[in-house]
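Work through the exercises below with the sequence and the model at hand. Each task is followed by a solution in steps.

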Amino acid sequence: MNQIQESIEILRQDYEDLRQKGYWFAAKSFGWGWVPITWQGWLGTLIYVFLVVGDIIAAIAFDKISHSVGNTLLFVAPSFLLHTTLFLLLAYGKGETPTWRWGIKRKDEGEIRGE
């Protein structure tokens with residue numbers, strides 16, 4: 001088994017363990033943050049994306065009538081910050097504790113480093 005297949009198998013097993021514990025999001029293997037691992041996590045992510053796209057559309061529409069960047073930001077920023085905060089709270093509450101990572105951790109041998 002090559003390293004890529006081995007890494008995929010480790011992630012698959014880890015994600016299954018997390019699903020059984022009730023997590024919707026797993027900590028990313030590279031960097032900081034989460035990835036959705038259940039349909040509920042994917043649905044939450046999709047709703048967040050739609051809300052942010054709505055914020056962008058609202059900003060474009062408002063900008064056409066306001067002609068002021070400052071007014072547009074004051075109109076859109078609170079909505080965007082609210083949506084992002086709610087999504088981060090969802091991911092933090094229903095996800096594995098995030099930490100900075102660079103590679104896939106193995107339970108028996110330490111870490112597989114990303115190249």
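The model is predicted, so local features need pLDDT of at least 70 and side-chain atom pairs count only at pLDDT 80 or more, while totals for chains, interfaces and linings use all residues. Residues are numbered from 1 along each chain as its sequence is written, and side-chain values use heavy atoms, with hydrogens and water left out.

**Exercise 1. The whole chain**

List the secondary structure elements of the protein in order, and state what share of its residues is buried.

Step 1. Helices are DSSP runs of H or I with at least four residues, and strands are runs of E with at least two, numbered from the N terminus. The protein has three helices and six strands. Read from the N terminus, their order is α-β-β-β-α-α-β-β-β.

Step 2. Apply the accessibility classes: buried is under 20% relative accessible area, exposed is over 50%, and partly exposed is in between (1.4 Å probe, protein chains only). Of the 115 residues, 30% are buried.

Step 3. Take the surface, using the Shrake-Rupley method with a 1.4 Å probe. The protein exposes about 8,100 Å², and 67% of this comes from carbon and sulfur atoms.

Step 4. Turn to contacts, meaning heavy atoms within 4.5 Å. Among contacts in the protein with a separation of 6 or more, 56% join residues 24 or more positions apart.

**Exercise 2. A helix pair**

Describe how H2 and H3 pack, and classify the residues of their contact.

Step 1. Two packed helices are described by the angle between their axes and the distance between the axes. The axes are lines fitted to C-alpha atoms over the stretch in contact, and angles run from 0 to 180 degrees between N-to-C directions.

Step 2. H2 covers residues 39-66 and H3 residues 69-93; their angle is about 175° and their axes are 9 Å apart. Angles under 35 degrees count as roughly parallel, over 145 as roughly antiparallel, 65 to 115 as roughly perpendicular, and the rest as oblique. H2 and H3 are therefore roughly antiparallel.

Step 3. On the H2 side the contact includes Tyr48, Leu51, Val52 and Asp55, and on the H3 side it includes Phe80, His83 and Phe87. The contact residues comprise eleven nonpolar, eight polar and two charged. Here Ala, Val, Leu, Ile, Met, Phe, Trp, Tyr, Cys and Pro count as nonpolar, Asp, Glu, Lys and Arg as charged, and the others, Gly among them, as polar.

Step 4. His83 belongs to H3. Its relative accessibility is 14%, so His83 is buried. Leaving out residues up to four places away in sequence, His83 touches Tyr48, Leu51 and Asp55.

**Exercise 3. The largest nonpolar core**

Which residues form the largest nonpolar core?

Step 1. A nonpolar core is a set of buried Ala, Val, Leu, Ile, Met, Phe, Trp, Tyr and Cys residues joined through side-chain atoms within 4.5 Å.

Step 2. The largest one has six residues: Phe25, Trp34, Tyr48, Val52, Phe87 and Ala91. H2 and H3 are the elements that give two or more residues to this core.

Step 3. Not counting residues up to four places away in sequence, Ala91 touches Phe25 and Trp34.
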